[in-house]
Amino acid sequence: MNNAERDRDLESIQEARKLGRAAVAAQRQLDGYTQEEIDAIVEAMASNGLDQSERLAELARNETGFGNIPDKILKNNFVLQDVVEAMRGMRTVGVLREDRAHGVREIAEPVGVVAGIIPSTNPTSTAIFKCLISLKARCGIVLSPHPSAAQCVKASAEVMASAAHEAGAPNGIIGCMNNVTMQGTKELMHGRETDIILATGGIELVTAAYSAGKPAY
């Protein structure tokens, strides 16, 4: 490894830590939000995503060379419409169920901060999906895109983050790595700031996720 590669790895590792810390601080605030506030944030994210769906699809196709724009629009919209519709009415705050006969009460609790590993094949729809479900569960998220899809994933994260912030979510609740290396991604997955990993990608990356010593899907 030459000095330039070593410096880039160090920058990526530092970025992973910085974004993780910001997500932890933001998630602690989000933990206190009501169900109504969380649902309003998710709806705002979905609305903004639909407005930008075509642009994001074009960015993904042009950057990665995979697929075609109409299909990528469909995938974006499936997440932004069908998945969001499936989550409507789903409680993720407070008491979910209560069995008074047995004295059991089920209470929703966020897991913390999610490391979202994003592939090059379906980058925008996967990034959007992971952002939506994380905030629905009152979790922060930091995305680590495949290097060949870094710009379109960054754009997707910005679309989600700007809408979430305008709807009342704290700054830093959605982060995205700009300087992506394998060492930086491993730091994100292994770092103390991350509580759970949602990994989509190749065998090496998924194996690394399952070896991080924390829950991984």
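Figure 1. A163 belongs to helix 5, which covers residues 150–166, and, once its neighbours within four places in sequence are set aside, A163 is in contact with A44, M45 and N48; contact here means heavy atoms within 4.5 Å. Helices are DSSP runs of H or I with at least four residues, strands are DSSP runs of E with at least two, and both are numbered from the N terminus. With a relative accessible area of 5%, A163 is buried, where buried means under 20% relative accessible area, exposed means over 50%, and partly exposed lies in between, for a 1.4 Å probe and protein chains only. A163 and G49 are 114 residues apart along the chain, and their C-alpha atoms are separated by 8.5 Å. Residues are numbered from 1 along each chain as its sequence is written, and side-chain values use heavy atoms, with hydrogens and water left out. Because this is a predicted model, local features need pLDDT of at least 70 and side-chain atom pairs count only at pLDDT 80 or more, whereas totals for chains, interfaces and linings use all residues.

Figure 2. E37 has its place in helix 2, residues 35–64, and counts as partly exposed at 38% relative accessibility. Although E37 and G168 are 131 residues apart in sequence, they are 7.8 Å apart in space, C-alpha to C-alpha. K18 sits in helix 1, residues 3–30, and counts as exposed at 62% relative accessibility. For K18 and G65, which are 47 residues apart along the chain, the C-alpha atoms are separated by 31 Å.

Figure 3. Strand 1 (residues 94–99) and strand 2 (residues 104–108) run antiparallel and are joined by five bridges; two strands are taken to pair if DSSP finds at least two bridges between them. Within this pairing, I107 in strand 2 is the bridge partner of V95, and R105 in strand 2 stands opposite E98. Four residues lie between the strands of this hairpin, in which G103 takes a positive phi near 65°.

**Figure 4. Strand 6 and its pairing with strand 3.** Strand 3 (residues 113–118) and strand 6 run parallel, with four bridges joining them, and L198 in strand 6 is the bridge partner of G116. In a regular strand the side chains alternate between the two faces of the sheet.

Figure 5. The phi of R138 is near 65°, a positive value in a residue other than glycine. R138 is buried, with a relative accessible area of 4%.

**Figure 6. The whole protein chain as context for the close-up views.** The protein chain has seven helices and six strands, which follow the pattern α-α-α-β-β-β-α-β-α-β-α-β-α when read along the sequence. Its radius of gyration of 17 Å is close to the 17 Å that the globule rule gives for 217 residues, so the chain is as compact as a globular protein of that length; the radius is taken over C-alpha atoms, and the rule is 2.2 Å times the number of residues to the power 0.38. Along its principal axes, the C-alpha trace spans about 65 × 40 × 30 Å. Buried residues make up 48% of the 217 residues, and among contacts between residues at least 6 apart in sequence, 74% join residues at least 24 apart.
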